[in-house]
Amino acid sequence: MEDELTTLDHNHIWDLTALPKGKKAIGSKWVYKVKLKPDGTVDRYKARLVAKGYNQIEGVDYNECFSPVAKMVTVRIFIAITAVKGWPLHQLDINNAFFHGYINE
């Protein structure tokens, strides 16, 4: 949890501001996951701080929703094309990913 909070702070993920009149803050919660090694032993513990987006109301708290997540079929297509073309393929593990956009809501 300390690593997650340090990363959020380091990347300036939020600014403390006053809420508009009549608005309620969206809560957050910690999500935990135990990562295992191939032999089944514990590799590490992960924690993520996530917003409770399910409390939002469409048209009130937001107007549209977009989640830029690749579907597995798309990933498989890219891997297949890479294999057929003989291109090199590299893997990257990203600890934290942040969207760089403005949310007015």
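Is Glu4 buried or exposed, and what is its relative accessible area? In this predicted model, Glu4 is buried, with a relative accessible area of 7%. The residue also takes part in a salt bridge, its partner being Arg48. The count of salt bridges comes to 2, and a nonpolar patch lies on the surface.

**Salt bridge Glu4–Arg48**
- The closest N and O atoms of Glu4 and Arg48 are 3.0 Å apart.

**Salt bridge Asp43–Arg44**
- Asp43 and Arg44 meet through their side chains in a salt bridge, at 4.0 Å from N to O.
- Asp43 is partly exposed, because its relative accessible area of 43% falls between the 20% limit for buried and the 50% limit for exposed.
- Arg44 also counts as partly exposed, at 32% relative accessibility.

**Nonpolar surface patch**
- Four residues make up the patch: Leu5, Ile13, Trp14 and Leu16.
- Together they have about 450 Å² of accessible area.
- Trp14, one of the patch residues, sits in the loop between helix H1 (2–10) and strand S1 (28–36).
- The relative accessibility of Trp14 is 46%, so this residue counts as partly exposed.

Technical notes
Residues numbered from 1 in each chain as written. Predicted model: local features only at pLDDT ≥ 70, side-chain atom pairs only at ≥ 80, totals over all residues. Heavy atoms only, no water. Patch = residues over 30% accessible without salt bridge, like charges linked within 9 Å, V, L, I, M, F, W, Y side chains within 5 Å. Areas by Shrake-Rupley, 256 points an atom, 1.4 Å probe, with all protein chains shown as cover. Helix = DSSP H or I, 4+ residues; strand = E, 2+ residues; numbered from the N terminus. Buried < 20%, exposed > 50% of the residue type's maximum accessible area, 1.4 Å probe, protein only.
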